Every structure is written in structure tokens, then in C-alpha cells.
Amino acid sequence: MIQHHPTDESILAYANGSLSRTLALALGAHLDVCEQCCRTLTLAEAMGGAMLEAETPAELDETAFAKLLAQLDVPVAKITAPPATDIAIPLPANLRYQRIGARRWLAPGIWIRPVLKDNAEGTRLYLLGAAPGKALPPHGHSGVEMTQVLTGEFHDGGTRYGTGDFLEADDDIEHSLMVGANEECICVIASQGVPRGLPGLLMRLIA
Amino acid sequence: MTAQDDKSLLVVAVAQRRDRESFRLLFQYFAPRLKSYLLRLGVQGQLADELVQETLLTVWRKADRFDPARAAAATWIFTIARNLRIDHLRRAKLPGDYFVEEEFCPSAGDDYLSAERDGQVSQALKALPADQAAVIKLSFFDEKPHPIIAAQLGIPLGTVKSRLRLAMNRLRAALEDKT
């Protein structure tokens, strides 16, 4: 049972395409398993449709339709999907075609696999795995961070985040995470800026 | 689930009969609206024109994937334009990123995805109190950051957030009443 969801605000930004790509992939990983948030998404997309219809028409070039007609019969170059990623982690559907980088150890029992880095926006997406009972030292963030739990569970203070849960943290949150005692916890994380307060080596590896 | 607006019937005609007259009507209706939408988002003129053309071209090519029982034509076309815009930005800066076009909500129940709902959303949007409607429009459709909206409407940032929350709850409630 999913207990923690993205905010409406973030789902709206996903729906209108304004959420940065890495954050959108983390949020999409949640949508992949959460019916409630999918309902909000379909509501938002319907809002987009309604608002598009209410839009005041702009002037188009007179030849626009003729140009379009000329393209209708042009054969489409097929874009072939890259091979689906085959790793022993249950990836959400929207990450299946991403290149998942090699595993690097951050600390005993804690690893990271980079997925995407968006230098222009200063955001990145990565998988983070931690062995049962491991703790991440207290740290803050210089921007938004979105975490989707793919397997296992962790605790943030008194709050439990289990498989399927989503944690959205902004720049004024300081937290320290503790992995549940029974199984490895794997999350997909999108974050903006660099974590504050982590030991230097850890920080360099994440950034 | 058979509520089908005129535009949806046009898309179906394109899918089933490759009907160019229906396609022309779709173009006539949606292309100028898509263009003003993109321009307002700050997309530059030439790129806006290209994205409009690409959106309509996608409508032509993928019309058979449109299911009139699941969504209104306007909603489907809105998502096509959105995906093309995302894909355009992605290609410009994230070469390793493969954009899956059908980003998709596999877990939404079929009963919830219906064209009828899209009509209800449109009604519910019109029924929102003016102050909530303004915040939804600026935030969702115009993609204005909350501090800008606060400044523009002369209200505190917290009020922007609470109006947005109230509006979303109202829209959700309006849909649940009817399903």
C-alpha cells in the first residue's frame, strides 16, 4: 500500500511538460506503480486539453497546411529503441531504456549507479542501493530531490518509506535515512544541486 | 463511454479512412490554438511553427492509436504537443536519454480514462471560483512559477499554493461526484 505520493504541484508540472527531465523520470517511476497519482495525471492532461480548446487562435502562415499535406506521405524513419536494460533490479517501465551506469561503492554496503546528468539544469538521476540496516548520514539539499522506492524500505526520522513510496524533499529539509533491517533498499533518485553535509568523498561520487 | 466530441470523430475518420478533409478540419481548429499556446510558453516563432506542424503530422500518423473512449481529441493532442516539446529539449541537451513517447500511466484504471471525463473536467474548470481558476491557468497552462503568479495577482505565495490545492481538490471532487 503506497503511503507517500508526489505533490499535486509536481504532477501538474509533469503533465504540462515543465518538470525537468531527470525529476520527471523519478516521478514517472512512481506513476508506473501508483493508480491514485495516475488519476491526478489524467485529470491534469484533461485540463490541458480543455485549456488548449479555450485558447485564442493565433495566425498561421497561409501555406502551413499545404506544407503539412506534402509531408503526409513521406515515409517515417523508424527510430529503434535501444535495447532494454537488463540488470537485476526491477526497473519501472519509464527507465527500462535508459543506460544505467556501472555500480560504484559509496561506502560499505551503499552503491550508486548513475543514469542521467543534466548539466544545464544541474540535476541528475541515479539509482542508490543500500544494504539492510545501513544509514546515510544527515544531509540537506541545495534544491529539489525526488526519491522513488523501487524495493525495500527506509526510515526518515519517524516516517517509513516502503516499496512504491515517493519522497519529495526541498532545499530546507535536512534528513538522515536508515534502511529497513530486512532487505536491501533500492531507490531511483533525482536531485538538483549537491547534497549538503555528506562526507566529501560521498559527495564527489554522487555529484 | 461513448461520449464523442466532434473532434474525436474527425480523428477517427483520419484513422479509419485516411480522410484528408477531416484532417484539414482538425488542422484548422487545433493548429492556431497550439501555436498561441506555444508562443505564450515562450517558444520562439519558427520553432513554434515547427512544433505545430509536427504535432499535426503525429496526429495523422498515429490517429489509429487514438481511442475516443479513453480521452477527448483535445487531451490527446495536448499530450502529443507536450511530448514533442519535451523531446525537442531532450535532443538538444541529453543525448544519452531515450524518450519513451508513451509515458503512460499503466496503472490508471480503464474506467477512469474516458472521453466523458474530459468533458466533465472542462465543465468543472469553468465552474471554479474565479480566483482559483486564475491560479490554475497561470500555473498549469502558462507554466508561471508561483512567485511570479503571486506578484502578478498581488497575493502572498502561500495563497497561490492554497488556491491551487483547493482548485485541484474541487476538480477531483467534481469528477468523483459523477463517476
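This is a predicted model: local features need pLDDT of at least 70, side-chain atom pairs count only at pLDDT 80 or more; totals for chains, interfaces and linings use all residues.
Q: Is B:Glu143 buried, exposed or partly exposed?
A: A residue is buried if 20 or more other C-beta atoms lie within 10 Å of its own and exposed if 12 or fewer do, with partly exposed in between. B:Glu143 has 16 other C-beta atoms within 10 Å, so its class is partly exposed.

Q: What pattern does chain B follow when read along the sequence?
A: The secondary structure of chain B comes to eight helices and zero strands, whereas that of chain A comes to five helices and 11 strands. Read along the sequence, chain B therefore has a helix at every position of its pattern, given zero strands, and this is written α-α-α-α-α-α-α-α.

Q: How far apart do the C-alpha centres of domain 1 and domain 2 of chain B lie?
A: The domain assignment of chain B gives domain 1 as residues 6–93 and domain 2 as residues 128–178. Between the C-alpha centres of these two domains the distance is 26 Å.

Q: Is the crossing of helix 2 of chain B and helix 3 of chain B left-handed or right-handed?
A: The axes of helix 2 and helix 3 of chain B come within 9 Å and cross at roughly 145°. Among the residues that make the contact are B:Phe23, B:Phe27 and B:Phe30 of helix 2, together with B:Leu51, B:Val52 and B:Trp60 of helix 3. By class, this contact has 14 nonpolar, one polar and two charged residues. As for its handedness, the crossing of helix 2 and helix 3 of chain B is right-handed.

Q: How far apart are the end C-alpha atoms of helix 3 of chain B?
A: The buried residues of helix 3 of chain B include B:Ala48, B:Gln53, B:Thr55 and B:Val59. At 1.5 Å a residue, the 18 residues of this helix should span 26 Å, and the computed distance agrees, because the end C-alpha atoms of helix 3 of chain B are apart by 25 Å.

Q: What percentage of the 207 residues in chain A do buried residues make up?
A: Along its principal axes, the C-alpha trace of chain A spans about 65 × 35 × 30 Å. Among contacts in chain A between residues at least 6 apart in sequence, 68% join residues at least 24 apart. Of the 207 residues in chain A, the buried part comes to 42%.

Q: Which helix of chain B gives the most to the side of chain B that touches chain A?
A: In all, 56 residues of chain B are in contact with 51 residues of chain A. The elements that give two or more residues to this side of chain B are helices 2, 3, 4, 5, 6 and 8. With 10 residues, the one that gives the most is helix 4 of chain B.

Q: Is B:Arg163 buried or exposed?
A: B:Arg163 is found in helix 8 of chain B, and, leaving aside neighbours within four places in sequence, it is in contact with B:Asp131, B:Gln132 and B:Val135. B:Asn169 also lies in helix 8 of chain B, but with 12 C-beta neighbours inside 10 Å B:Asn169 counts as exposed. Because B:Arg163 has 22 C-beta neighbours inside 10 Å, B:Arg163 counts as buried.

Methods
Residues are numbered from 1 along each chain as its sequence is written. Chains are lettered from A and ligands numbered from 1 in the order in which they are written. Two residues are in contact if their C-beta atoms, placed from the backbone, lie within 7 Å. Helices (H or I, at least four residues) and strands (E, at least two) are DSSP runs, numbered from the N terminus. The expected span of a helix is 1.5 Å times one less than its number of residues. Domain bounds come from an automatic or database domain assignment. Axes are lines fitted to C-alpha atoms, for helices over the stretch in contact, and angles run from 0 to 180 degrees between N-to-C directions. A crossing is left-handed if the near helix is turned anticlockwise from the far one by less than a right angle, and right-handed if clockwise. Ala, Val, Leu, Ile, Met, Phe, Trp, Tyr, Cys and Pro count as nonpolar, Asp, Glu, Lys and Arg as charged, and the others, Gly among them, as polar.
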